[in-house]
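Hi,

Here is the structure I promised to pass on. Have a look at it first, and my notes on the rings and pockets follow below.

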Amino acid sequence: MEKLPQIDRSTRGRQLFLVLLLVVACAEGNAETLPIAFEDARSGSSRSLLQAGALDITAFGAMPDDGVDDTSAIQKAIDTARGKGMVVYVPSGEYLISDTLRAMQQVTFNAAKKRWVHDRRKANALVGSTNGRRPVLRLSNNSAGFDDPSKPKPLIWIWSQPRDGDRNLGSKNPQDEQPNISFNQVFRGIDIDLRADGNRGAVGIRHAGSQGSSIEDVEIVATGAYSGLYNPPGQGGGVYGVSITGGRYGVWANHSARYPVMAGIRFKNQEDAAIYWKGQSNLTVAGFVIDKQTAGPVVALTAGRLPYNRALTLV
C-alpha cells in the first residue's frame with residue numbers, strides 16, 4: 001500500500017484528506033489500483049466504510065457544497081464500485097449533477113454456454129450518509145436534455161443490460177433495459193432536488209428493478225419537473241419511505257414497471273396527478289398521503305393493451 005502526499009482541498013470548502021492507493025484483487029486474479037479517500041484521524045469514518053465494502057465518492061473527486069459539477073466523478077465511483085461488488089457511499093452535502101448518472105448492471109457473453117449471463121451479486125448500490133443531513137443530488141440549471149417533457153430524462157437511471165428475449169442483447173443503451181433481471185439494485189438515503197431552470201423534462205429516479213431492488217428513504221423535490229419517479233421497482237422489489245413534492249406527476253409508470261410496490265410514500269403538490277399508471281400488472285400502494293392543491297385526478301389510469309391492465313391497489 002502506497003501513501004501519497006496530503007492534498008489541500010481547503011479552497012473547495014473541505015478539510016484535508018489523505019489519499020491512499022488500495023490494491024484490490026480483481027475477480028480474475030489481476031491486481032488493480034483504486035483511489036480511496038480516508039478522512040483525517042479525528043473521525044476514521046472512511047476507513048470503516050472501506051472495510052465494510054464501500055467506496056466514498058469524494059475519493060473520485062466529488063466534493064459537496066462547492067458549486068462544482070460532480071457528474072463525472074460520481075459516475076466513475078458508480079462504475080468502479082459495481083465492478084468490485086462494492087457500495088457507493090455518498091457523504092452529507094449537496095452535489096451538482098448535469099447529466100444522467102447511469103448505474104448499469106452488466107451482462108457478459110458466456111462462449112461455453114453460448115448465451116448471455118449476468119451476475120446478480122455485482123449490482124449497483126448507492127447509499128447516503130446517516131451522519132447529519134442526508135446528501136442531495138441537485139440538478140444544475142439548464143442541463144442538456146432535461147427541458148423536454150416529451151422525452152423525460154432521469155437524474156439517475158438504474159438498470160440492467162438485456163440478457164435474453166428480443167432485445168439488443170448486451171446493449172449499453174439503457175433504453176434497451178431488461179427490468180426482470182435487474183436484481184439487488186439499491187438507492188437509499190440520498191435526496192434529489194430537481195428545481196432548476198430548464199427542468200420540465202427532468203425525472204428524479206428511473207429504476208424498473210425486480211427482486212431485491214429498491215428505492216428507500218428518499219426525498220425528491222420535483223417542482224417544475226416531469227416526475228419524481230419513473231417506472232419504480234416491483235416484482236420482489238419496491239419503494240419505501242419516499243416523499244415527492246411537485247412535478248407534473250409524482251410517479252409515472254408503464255408496462256416496464258413490473259408489479260410495482262410502494263409503501264410509506266407521500267405525494268404533495270403534483271400538477272396533474274400523484275400517480276400516472278399505464279402498466280400491465282397491479283400497482284400496490286400501502287400507507288400513503290396525497291396532498292393535491294389543484295383540480296383534477298390524484299391518480300391517472302390509462303388503458304393499456306389488455307383489458308386487465310392498469311390494476312391499482314391502495315391500502
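**Aromatic pairs and pockets**

Tyr 249 and Tyr 276 are both buried. Please keep in mind that this is a predicted model.

Let me start with the rings. There are four aromatic pairs in the structure. One of them joins Tyr 230 and Trp 252, which are stacked with 4.5 Å from centre to centre and 15° between the planes. Tyr 230 belongs to strand S17 (residues 227–230) and Trp 252 to strand S19 (residues 249–254), so their pairing ties together parts 22 residues apart in sequence. Both partners are buried: the relative accessibility is 12% for Tyr 230 and 11% for Trp 252.

The pair of Tyr 249 and Tyr 276 is tilted, because the ring centres are 5.3 Å apart and the planes stand at 55°. Here strand S19 supplies Tyr 249 and strand S21 (residues 273–278) supplies Tyr 276, so parts 27 residues apart in sequence are tied together.

The largest pocket has a volume of about 330 Å³. It has 16 lining residues, and the closest to its centre are Arg 167, Pro 179, His 255, Ser 256 and Arg 258. By class, that lining holds three nonpolar, eight polar and five charged residues.

Enjoy exploring it!

Technical notes
Residues are numbered from 1 along each chain as its sequence is written. This is a predicted model: local features need pLDDT of at least 70, side-chain atom pairs count only at pLDDT 80 or more; totals for chains, interfaces and linings use all residues. Side-chain values use heavy atoms; hydrogens and water are left out. On a 1 Å grid over the protein atoms alone, a cavity is a set of points where a 1.4 Å probe fits but cannot get out, and a pocket is an open set with protein on both sides within 12 Å along at least five of seven lines; lining residues have an atom within 4 Å of a point. Grid points are joined across faces, edges and corners, and a volume is the space filled by probe spheres set on the points. Ala, Val, Leu, Ile, Met, Phe, Trp, Tyr, Cys and Pro count as nonpolar, Asp, Glu, Lys and Arg as charged, and the others, Gly among them, as polar. Rings of Phe, Tyr and Trp (its six-membered ring) pair if their centres lie within 6.5 Å; planes under 30 degrees apart count as stacked, over 60 as edge-to-face and the rest as tilted. Helices (H or I, at least four residues) and strands (E, at least two) are DSSP runs, numbered from the N terminus. Buried means under 20% relative accessible area, exposed over 50%, partly exposed in between (1.4 Å probe, protein chains only).
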